[in-house]
Amino acid sequence: MAQSQPRTRVGQPQPQPLADRLDGATAREAVPPAVAAPPTLGSAADLVAPRQRSLWGDAWRRLTRNKLAVIGLVVVVSFIAIAVLAPVLAPYGQSEVVDFRLTRTEPSWTWPLGLDQNGRDIFSRLLYGARVSLVVGVLSQGLVLLIGIPVGALAGYYGGRVDNILMRSVDVVYAIPQLLLVLIFVNLFGPGLVNIFIAIGLVGWVTEARLVRGQFLALREQEYVNAARVSGSTGWQIMLRHLLPNSLTPIIVALTFGIPTAIFTEAALSFVGVGILPPQASWGQMVGDASQPGYIQTDPYMLAAPVAAIGLTMLGFTFLGDGLRDALDVRGND
Amino acid sequence: MLRYIANRVAWFVPTILAIVALTFILLKLTPGTGIIPAGAQQISPDMIRRLEAQYGLDKPLPEQFGIYVANAVRGDFGESFAFRPQTVSSIIARTFPISLRLGAYATVFAVVVGVTLGVLAAVNQNGPLDYVSVTAAILFYSLPNFVMGFLLILLFVVLLPGRGVDLGFNIGGLESWQDWVLPTVALGAAPLATIARYTRSSVVEAIRSDYVRTARAKGLMERRVIVRHVLKNALIPVITLVGPIFAAVGTGSFFVEKVFNIPGMGPFFVDSMTAKDQPMILAVVLIYGIFLAVMNLLVDVLYGLIDPRIRY
Amino acid sequence: MAAKVPGAGADGAQDQEEQRMTERYDDETRRRLEAKLRERSINRRKVVQGGAAGAATVGLGGLRTFRAAAQDTTPAASPDASPMASPAASPAAGAAPTGGALDAEQVLYHFVLQDEPATFDFNSNLYANAEPECWAGLLTFDPNGTPVPDWAERFESNAEGSVWTFHLRQGNTGWTNGDPVTAHDFVWSFSRILDPAPVGAAGPNSYSFILYDVKNAESFSNATPVAREGDPLNGQVATREDLGLRAIDDWTLEVTLEGGRANFAQKVAYLACVPAHRPSVEQHGAEWALGNVPLVSNGPFKLDRWEKGVKCEFSKNENYWQAEEIVLQRVVDPITPSSNSVLAFEQGSGDQRLDWTPVAADNLPRFQEDPALAPLLKQYVYPGIWMLLPSNGVPPFDQLPVRQALSHAIDRERLTTVTNNLILPANCMVPIGVYGYIDDPEITGIQNFDPELAMSLLEGTEFAGGQNWPPITVLIRGSEEIYNSDLMLNDIIAQLQENLGMAIQIEKQTGETNFRPRLLENRDQLVWIRWWYDYPDPDNGYYDMFYGGKPAGSKRQAWSNAEFDRLCIQAKGELDPEARLELYKQAERIIQEDVGYIPVGFRVDQYAFKPWVQGVPTNRQGFTVPDGNIYLRMFTEVGISGRPAE
């Protein structure tokens with residue numbers, strides 16, 4: 001069905017986005033650009049077409065045919081379920097000491113992931129840690145959308161001087177390594193869950209803005225947009241009714257990649273000790289706690305559990321994101 | 001093209017200035033000046049005021065900024081607050097090369113292994129080798145480098161009881177080549193995956209192209225076709241990846257350096273961040289900013305030269 | 001320790017009395033420590049998991065240590081300088097290393113540089129983070145924390161302890177370039193410590209107050225007018241010339257203080273009071289101690305090479321007064337973060353290795369269980385204390401019953417288990433082994449662990465039954481994992497949750513810039529903080545930590561008490577050690593009963609030494625004392641015997 005849609009190839013909106021196309025793999029330290037590595041040069045963002053409702057059903061069918069994407073979906077859904085249900089599932093509280101005499105106890109049937117250096121149940125802490133990750137991932141991306149979409153939309157739709165001013169400021173933010181900027185913001189706001197996701201959001205919107213701008217830039221010359229303009233729709237109406245809905249798929253894909261990046265960023269911050277306030281459990285903090293050389297040597301399970309959790313979540317989101325991109329992308333039918 | 005480059009270069013100065021200004025403002029918004037020496041058990045407020053006066057931190061902000069820029073232009077970034085009286089320049093001169101070296105190793109590793117994997121995957125399309133390398137690539141690509149670092153260390157610990165931790169951690173100076181192996185792999189894994197994926201699809205595309213079909217039709221040996229015709233064309237876009245990968249890797253090794261205990265700029269920056277070592281932070285931001293900007297420009301220019309579809 | 005000569009003070013009777021006093025404390029300390037270490041030699045898991053061998057090793061090790069200590073009949077030197085006179089002979093130096101024949105190559109890979117040194121100029125910056133054994137002051141500390149002669153071969157004070165005379169070693173050529181170490185060096189260097197704009201330094205010395213006991217020093221250093229009726233300087237700012245520092249001749253330094261000070265020798269013996277080399281400073285400015293020009297220093301060892309970010313190398317200073325007795329020839333200080341020091345100890349190679357290292361909680365169980373490593377462990381009750389500061393200015397701790405409940409709800413013994421004996425329960429401010437340690441059950445029982453009492457204290461407050469707590473946050477300093485800061489606090493939080501139903505969040509502030517202003521604002525409900533003693537004297541604890549008369553914005557806690565403050569001041573000038581201790585006891589009672597602080601644990605260090613490091617000093621309790629913050633003369637003691645060829 002998608003094949004029947006008009007396919008438009010838009011040129012490079014501007015030379016800069018090569019870094020975007022390069023994706024999070026290279027800029028992984030930074031909050032990665034929205035769209036991950038496509039199989040060929042040019043990104044999903046380059047190819048857009050007006051879509052209809054049945055697209056989603058179609059996409060779903062394609063998604064479920066992709067084995068990796070299904071694995072990713074299962075991981076992501078379990079991750080969300082675990083995060084939401086953590087207090088119900090966890091046998092112990094996140095800061096509860098099971099037995100202070102049993103510090104650093106290896107995994108067993110009683111404590112499937114062992115007890116940590118304070119005799120706390122690693123399994124329970126891992127479950128609670130998922131909550132922090134989910135909250136940071138989702139809320140920071142919410143903030144990214146909240147700032148990124150309007151900025152990108154204004155720049156893309158109006159172009160000209162507005163575009164110039166907005167994109168120049170974006171360039172400035174972009175020129176600072178993103179993680180560095182997050183660190184500066186965290187330093188400014190102080191540690192803690194809320195401050196962390198705000199900091200991540202305040203840095204991450206830049207990529208989103210570029211993505212949306214590129215979309216709008218390409219779409220605003222489409223015939224149906226011109227038609228809407230001629231029929232007297234205001235700029236806001238056009239943006240909300242026509243441009244935004246048609247930019248939705250790349251935004252969704254970007255979101256799927258943005259969430260794990262935010263999760264990773266939080267973990268990294270907590271790892272260096274400027275993240276979540278302990279004793280609240282966070283995966284990064286668990287990594288930080290367990291990564292003293294002596295612990296790694298004698299009690300590697302303490303480190304293995306949170307590292308595996310972060311890794312698995314990253315994989316899940318990446319698989320799902322890749323799958324989504326392929327499923328939503330017109331080229332997927334090639 | 002030249003005009004484009006000139007335009008970009010002309011934008012450097014205001015962009016860099018804006019970066020420094022932004023960082024400067026953000027730093028000034030946070031409480032404290034970072035002047036208190038680390039470990040100081042006792043220090044009177046009066047002493048803090050005097051130290052601040054000594055470093056001009058009591059002056060109005062615009063004046064402070066002006067002084068900073070004027071000095072920075074002359075290459076004087078001041079003394080590091082945390083390592084007084086050592087200068088920021090001397091510290092960066094010592095640590096940045098280490099980060100760059102690690103970045104270079106990781107880039108070389110990523111390119112060599114990535115291209116090899118990609119080409120092998122492409123010529124064995126849908127074969128077991130393809131399957132393995134695609135899976136490896138997506139695994140590498142999904143894992144942040146600090147998770148990768150710890151996975152490598154854990155692997156070593158489990159495989160080499162008693163010696164694994166030693167091989168995983170850098171103890172002090174980077175004296176032996178072993179010290180570089182794991183950090184290079186951890187840092188290079190993700191870009192490796194990107195390069196492998198690009199190479200694969202690029203080579204696959206080339207194999208299907210008309211000129212290759214023609215070459216085959218001419219009866220050329222398969223190996224000769226691959227080397228002469230496929231690789232030559234398919235690898236050009238891949239080459240353009242090296243620049244941004246080096247830029248990202250060279251400036252993006254905070255956590256790998258932290259995990260493996262490498263005395264580069266990464267852990268230094270994280271520490272100066274927490275110590276609020278203003279001169280240090282500003283200088284690091286400045287250097288990273290310039291480095292990234294130059295690399296990005298280089299990439300775009302290269303890209304424009306190679307890919308005729310791009311017009312500036 | 002053969003060359004050690006007991007202190008022959010001017011006031012012999014008093015000296016002996018002191019010895020009896022300190023020995024009494026030592027016996028009791030010994031007995032208690034012995035019993036404690038036996039009963040909790042190792043935590044349960046290790047025993048259960050077949051760690052019986054480990055348990056036995058540690059238990060026996062502990063016993064052996066204490067038995068050796070009991071046999072040590074060397075009379076203890078005075079713990080306090082009040083008799084105002086010095087032991088006549090050398091401190092603890094010249095002890096021939098025991099063990100096999102000495103190696104041809106006498107090199108020690110020393111643990112000290114956990115980070116890049118900022119400078120070697122300790123005279124302008126106590127926190128230079130460099131090698132202190134390049135430096136020697138008038139006095140230094142022996143392993144018991146007693147001030148002993150260094151460049152001053154003897155010293156005395158007048159009867160009130162207000163004028164101190166130091167007699168330097170005549171005709172010495174102590175500086176590494178052959179210059180003599182003279183009284184003028186110290187007049188100039190002490191002035192530089194106090195100078196608000198010292199020459200050749202990045203800024204004023206943040207530790208200048210160490211010499212504020214010197215007459216007119218505070219006025220000169222802070223540029224505040226002298227306020228003393230009848231003083232010719234009254235109303236004026238003192239100048240460098242007004243300081244109570246005078247070189248009577250090249251070899252005699254006379255220091256006049258603001259009044260009688262019992263502990264001036266302790267302060268002078270501290271690292272903060274080492275001199276700087278005047279010609280070098282005047283010629284090179286700050287560069288003089290940055291390793292780019294040859295460093296002229298006056299300690300046992302001299303800096304040969306500073307490879308930035310990698311290591312520093314030292315060799316013996318042949319001009320040091322004790323040089324002939326020093327066995328070591330060369331010292332290498334690799335720059336290694338403390339978290340990796342054990343690795344450098346076990347697996348290091350080349351110059352990136354360590355001959356000794358602290359062993360923190362992460363590595364300790366492995367060391368204890370490994371039969372090859374366990375014998376390398378040595379322990380030391382480090383002069384440092386961990387405590388919890390409840391702010392009496394912020395709810396809910398503005399209510400005394402709540403503070404009291406808090407103080408009774410922490411099982412300090414439990415922390416000993418959690419940290420694997422890296423902490424000893426603390427019930428007073430001054431650690432075991434330091435003059436001022438209180439062993440009186442009347443005092444140490446004030447805040448005993450009693451969860452039922454704790455809960456009952458909440459009756460009548462709005463938190464009865466452990467309910468209705470507001471959000472509570474505890475502030476801690478970051479990057480102190482190596483001292484088990486987080487390990488202990490995590491458990492304290494779990495305990496308070498169990499015993500009082502209190503849910504506490506940890507706010508970690510890394511870096512003094514973030515932590516210190518917060519601490520000094522006194523607005524945090526709880527602060528988890530340690531105090532490492534600079535000089536081993538109760539004044540450094542009670543006065544420096546808790547004195548309420550300090551200007552606002554420089555106090556660590558909101559709590560203050562006029563009587564407590566008065567006692568702290570009185571004790572400074574009390575020259576009789578027993579009477580002085582009595583004053584501190586009263587102060588301790590006041591602050592504990594009002595819960596101005598909650599002492600939790602004394603820091604215990606475990607060190608591992610390579611078997612070829614011989615002659616590492618021990619104190620009179622039998623603990624091993626390597627270079628730390630107080631004792632800094634390990635290089636004069638150790639020798640290398642039997643290092644395997646690489």
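**Where chains meet**

Guide: Between chain B and chain A an area of about 5400 Å² is buried, and carbon and sulfur atoms give 78% of it. Tyr141(B), Tyr198(B) and Phe255(B) supply 12% of the area that chain B buries against chain A, more than any other three residues. The model is a predicted one, in which local features need pLDDT of at least 70 and side-chain atom pairs count only at pLDDT 80 or more, while totals for chains, interfaces and linings use all residues. Residues are numbered from 1 along each chain as its sequence is written, chains are lettered from A and ligands numbered from 1 in the order in which they are written, and side-chain values use heavy atoms, with hydrogens and water left out.

Visitor: Why is the area between chain B and chain A called buried?

Guide: The word is used because buried area is the accessible area, found with a 1.4 Å probe, that two parts lose on being put together, summed over both. For chain B and chain A that sum is about 5400 Å².

Visitor: How many residues of chain B are in contact with chain A, and what makes them count?

Guide: There are 64 residues of chain B in contact with 56 residues of chain A, and they count because contact means heavy atoms within 4.5 Å.

Visitor: What makes Asp322(A) and Arg197(B) a salt bridge?

Guide: A salt bridge needs a side-chain nitrogen of Lys or Arg within 4 Å of a carboxyl oxygen of Asp or Glu. The closest N and O atoms of Asp322(A) and Arg197(B) are 3.2 Å apart, so the pair meets this rule. Across the interface of chain B and chain A, the rule finds one salt bridge.

Visitor: Which pair forms a salt bridge between chain C and chain B, and how do you know?

Guide: Here Glu116(C) is joined to Arg94(B), with the closest N and O atoms 3.9 Å apart; that distance is within the limit, and therefore the pair counts.

Visitor: How is the area buried between chain C and chain B made up?

Guide: It is about 3600 Å², and carbon and sulfur atoms give 54% of it. Ala202(C), Gln347(C) and Thr513(C) supply 17% of what chain C buries against chain B, more than any other three residues. The contact takes 55 residues from chain C and 40 residues from chain B.

**Inside the model**

Visitor: What makes a group of residues the largest nonpolar core?

Guide: A nonpolar core is a set of buried Ala, Val, Leu, Ile, Met, Phe, Trp, Tyr and Cys residues joined through side-chain atoms within 4.5 Å, where buried means under 20% relative accessible area, exposed over 50%, and partly exposed in between (1.4 Å probe, protein chains only). The largest such core has 332 residues, and those with the most contacts inside it are Phe146(B) and Phe166(C). Helix α12 (residues 300-328) of chain A gives the most to this core, with 15 residues. Apart from it lies another core, of 14 residues, including Ile149(A) and Leu211(A).

Visitor: What share of chain A counts as buried, and what are its helices and strands?

Guide: Of its 334 residues, 65% count as buried. Chain A has twelve helices and two strands, named so because helices (H or I, at least four residues) and strands (E, at least two) are DSSP runs, numbered from the N terminus.
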